[in-house]
Amino acid sequence: MKPARYSIFSLLRNAFGYHRHWSRAWRSPEPEDRYDAVIIGGGGHGLATAYYLASLHGITRVAVVEKGWLGGGNTGRNTTIVRSNYLLDANAHFYEHSLKLWEGLSSELNYNVMFSQRAVLNLTHNDAQVDAAHRRGNAMRLNGIDARWLSKDEVQAMVPLLDCSPCARFPVNGGLMQPRGGTARHDAVAWGFARAASAHGVDIIQNCEVVGIRTQSGSVLGVETTKGFIAAPKVGIAVAGHTSQVAAMAGIRLPIESHVLQAMVTEPVKPVLDTVVTSGATHVYISQTDKGEILIGGDLDFYNSYARRGNLPALEQVVQGAITHFPFLGRLRMMRTWGGVMDMTMDGSPIIGKLPIEGLYLNGGWCYGGFKATPGSGWCFAWTIANDEPHPLNAPFTLERFHRGTVLDEKGVGASPWLH
Ligand SMILES: Cc1cc2nc3c(=O)[nH]c(=O)nc-3n(C[C@H](O)[C@H](O)[C@H](O)COP(=O)(O)OP(=O)(O)OC[C@H]3O[C@@H](n4cnc5c(N)ncnc54)[C@H](O)[C@@H]3O)c2cc1C
């Protein structure tokens, strides 16, 4: 079943009818006793997984179980940067696969996810960063990924409000740009996947918390939830900031630490910034939202926490960095700040694969950067669940890498700054 298409007339009728008869975008059923697969977590990753399980693998008896509301986790809290500018082959191939899915996503889902390829520009401030940027850019091009080196003058022409003067606190001497990078509307991503998955028969069950994972003789039997037990031979975990807690329900301990990451928006202003700018020197990333707010993100609050709000010192540091690069920001009022819980793996790369319990799969440990992976991760996770083995794209990202010592420690991807 395809999601309904709305004509201009039906949009007008619904608008003037005060949305009273507007049909729901996805069904809201009570859970059945048994499914072929249960996905824990109704963020972008869980919903994308369910969508690809149904649409590509014909597994439609699927439930997505979400303790709150769809996209209320990190999917709805991030700074929405999408890119594939990675150095290591495994990362480059995985994130480029995701970026290609982004490029067709609105049409695939018949839902405008507002993917905007406004480019992502990583500033460089010293010779060492220039060397690293060239190396990264060359590696990207060898992997068929778009990358362009910009001189200081080109950076200044592209971002006129950036302080490129020689007396800037961190003088800019160039930048590495990925033209196909950009941003997307995070809520729309969750809603688009939810609507398309529901149309394929997936049951999306909100306000239903998984409180236990039932196993027997090394195999999964299903999940205990606040709405009762749901049986399933396959259970996928996609709970972002709560990965260690949910995996612990099956007795599994993961190499993950949880921290808060904050972001903030200023009051809205006229269009002044039409790209995404990041700096590894200040660990700040800045873009302008479609509403006109300047959206700013920074580094972690460096203590373990499950609280979804952070503290002032981290915000001050981010604001200082942002104003260093864009002095005009000092004249804007800060409108809102928020936080999300980041599951940081020890090598900064995610875990997508099987767990040591038959039928139990994990998608987690996204550190700072899982939004851009949403379609690619859902695609790979669905493949892994359907085939009971990882796809070659996510084979390097399994949990076993920590036992084998084949970690994917790309400098700056997770625990240190090259940025999101
Ligand atoms: C401030 C900030 C900025 C960021 N910026 C970027 C960026 O620019 N680019 C980028 O690529 N990434 C970014 N990220 C990271 C990105 O947001 C996440 O990696 C990604 O959204 C994770 O998606 P998800 O679907 O796995 O998680 P979520 O959207 O968090 O979904 C997980 C869901 O699981 C649910 N859940 C948890 N426990 C249970 C349970 N027991 N039972 C049922 N449900 C449960 C939660 O309620 C939640 O809705 C940022 C994150 C933050 C916080």
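Which residues in H3 meet Pro 375, Gly 376, Ser 377 and Trp 379 in H10? They are Phe 94, Tyr 95, His 97, Ser 98, Leu 101 and Trp 102. Two residues are in contact if their C-beta atoms, placed from the backbone, lie within 7 Å. Helices (H or I, at least four residues) and strands (E, at least two) are DSSP runs, numbered from the N terminus. The model is predicted: local features need pLDDT of at least 70, side-chain atom pairs count only at pLDDT 80 or more, and totals for chains, interfaces and linings use all residues. Residue numbers start from 1 along each chain as its sequence is written.

The contact of H3 with H10 divides into 6 nonpolar, 4 polar and no charged residues. Here Ala, Val, Leu, Ile, Met, Phe, Trp, Tyr, Cys and Pro count as nonpolar, Asp, Glu, Lys and Arg as charged, and the others, Gly among them, as polar. The axes of H3 and H10 come within 7 Å and cross at roughly 110 degrees. That makes H3 roughly perpendicular to H10. Axes are lines fitted to C-alpha atoms, for helices over the stretch in contact, and angles run from 0 to 180 degrees between N-to-C directions. Angles under 35 degrees count as roughly parallel, over 145 as roughly antiparallel, 65 to 115 as roughly perpendicular and the rest as oblique.

H10 (residues 374-387) also packs with H2 (residues 44-57). Their axes come within 7 Å and cross at roughly 55 degrees. H2 and H10 are therefore oblique to each other. Their crossing is right-handed. A crossing is left-handed if the near helix is turned anticlockwise from the far one by less than a right angle, and right-handed if clockwise. Residues of H2 in this contact include Gly 44, His 45, Tyr 52 and His 57. Among those of H10 are Thr 374, Gly 378, Phe 381 and Ile 385. By class, the contact of H2 with H10 has 11 nonpolar, 7 polar and no charged residues.

H2 has a further partner, H7 (residues 186-199). These two pack at an angle of about 30 degrees, with their axes 9 Å apart. H2 and H7 are therefore roughly parallel to each other. The crossing of H2 with H7 is left-handed. From H2, the contact takes Gly 44, Leu 47, Ala 48, Ala 50, Tyr 51 and Ala 54. H7 contributes Val 189, Ala 190, Phe 193, Ala 194, Ala 196 and Ala 197. This contact has 11 nonpolar, 1 polar and no charged residues.

The protein chain is assigned domain 1 (28-111 + 185-254 + 347-404) and domain 2 (120-180 + 257-345). Such bounds come from an automatic or database domain assignment. The C-alpha centres of the two domains lie 28 Å apart. In all, 28 residues of domain 1 are in contact with 24 residues of domain 2. On the side of domain 1 that touches domain 2, H3 (89-103) and H8 (243-248) each supply at least two residues. The largest share, 5 residues, comes from H3. By class, this side has 10 nonpolar, 13 polar and 5 charged residues.
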